[in-house]
Amino acid sequence: MIMNLSARETQPMELRRKGALLSINETAVDLTEYRAGAHEAILGQPEHDGTHWHVNLALPHGPKAPDETLFP
């Protein structure tokens, strides 16, 4: 899986993956059936290139985060 991160001020996030199933804070998301906007942590529509899933995720951070976090 290839994850792209976009910084957002939010609560901590725990990720787990098994195949096309992504668990975000214990909420299971089946990427094969996912529709854009169904989960606030996933930005846009995940894509599968035949080998890898490409998923854009909101990168959680607190207030006053350093530039390295805000601009990964």
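A salt bridge is a side-chain nitrogen of Lys or Arg within 4 Å of a carboxyl oxygen of Asp or Glu. In this predicted model, a search of the whole structure finds one such salt bridge.

**Figure 1. The salt bridge between Glu-14 and Arg-16.** The partners are Glu-14 and Arg-16, whose closest N and O atoms are 2.9 Å apart. Side chains of opposite charge can pair when their charged atoms come close. Glu-14 is partly exposed, at 38% relative accessibility. Arg-16 has a relative accessible area of 55% and is therefore exposed, since the limit for that class is over 50%.

**Figure 2. The protein chain as a whole.** The C-alpha trace spans about 35 × 25 × 20 Å along its principal axes. A compact globule of 72 residues would have a radius of gyration near 11 Å, and the 12 Å of the protein chain agrees with this. Buried residues account for 25% of the 72 residues. The chain exposes about 5000 Å², of which carbon and sulfur atoms supply 49%. Of the contacts with a separation of 6 or more, 42% join residues 24 or more positions apart.

**Figure 3. The largest nonpolar core.** In soluble globular proteins, nonpolar side chains tend to be buried together. Here the largest nonpolar core has 10 residues: Leu-22, Ile-24, Val-29, Leu-31, Tyr-34, Ala-41, Ile-42, Trp-53, Val-55 and Leu-57. Strands β3 and β6 (53-61) each supply at least two residues of this core. Strand β6 gives the most to the core, with three residues. Leu-22 belongs to the core, and its contacts beyond four places in sequence include Val-29, Leu-31, Ile-42 and Val-55. Leu-22 also touches Met-1, Leu-15, Arg-16, Arg-17, Thr-27 and Ala-28.

**Figure 4. Ser-23 in strand β3.** Ser-23 lies in strand β3, which covers residues 21-24. Its relative accessible area is 17%, and because buried means under 20%, Ser-23 counts as buried.

**Figure 5. Ala-28 in strand β4.** Ala-28 is found in strand β4, residues 27-30. Ala-28 is exposed, with 57% relative accessibility. Beyond its neighbours up to four places away in sequence, Ala-28 touches Leu-21, Leu-22 and Ser-23. Ala-28 and Pro-60 are separated by 32 residues in sequence, and their C-alpha atoms are 18 Å apart in space.

**Figure 6. Two residues in the loop between β3 and β4.** Asn-25 has its place in this loop, and Glu-26 lies in the loop between β3 and β4 as well. The phi of Asn-25 is near 50°, a positive value in a residue other than glycine. Glu-26 has a positive phi of about 70°, although it is not a glycine. Which class of accessibility does Asn-25 belong to? At 41% relative accessibility, Asn-25 counts as partly exposed. Glu-26, with a relative accessible area of 74%, is exposed.

**Figure 7. His-39 in the loop between β4 and β5.** The place of His-39 is in the loop between β4 and β5 (47-48). Is His-39 buried or exposed? At 18% relative accessibility, His-39 counts as buried, because the limit for buried is under 20%. Not counting residues up to four places away in sequence, His-39 touches Ile-24, Thr-27, Val-29 and Tyr-34. Ile-24, Val-29 and Tyr-34 are among the residues of the largest nonpolar core.

**Figure 8. A nonpolar patch on the surface.** Met-3, Leu-5 and Leu-15 form this patch, with about 230 Å² of accessible area together. Leu-5 is found in strand β1, residues 2-9. With a relative accessible area of 42%, Leu-5 is partly exposed. Leu-15, another member of the patch, is one of the residues in contact with Leu-22.

Notes
Residues are numbered from 1 along each chain as its sequence is written. This is a predicted model: local features need pLDDT of at least 70, side-chain atom pairs count only at pLDDT 80 or more; totals for chains, interfaces and linings use all residues. Side-chain values use heavy atoms; hydrogens and water are left out. Helices (H or I, at least four residues) and strands (E, at least two) are DSSP runs, numbered from the N terminus. Buried means under 20% relative accessible area, exposed over 50%, partly exposed in between (1.4 Å probe, protein chains only). Patches are made of residues with over 30% relative accessible area and no salt bridge: like charges are joined within 9 Å, nonpolar side chains (Val, Leu, Ile, Met, Phe, Trp, Tyr) within 5 Å. Accessible areas come from the Shrake-Rupley method with a 1.4 Å probe; for residues, only the protein chains shown count as cover. A nonpolar core is a set of buried Ala, Val, Leu, Ile, Met, Phe, Trp, Tyr and Cys residues joined through side-chain atoms within 4.5 Å. Contact means heavy atoms within 4.5 Å. The radius of gyration is taken over C-alpha atoms; the globule rule is 2.2 Å times the number of residues to the power 0.38.
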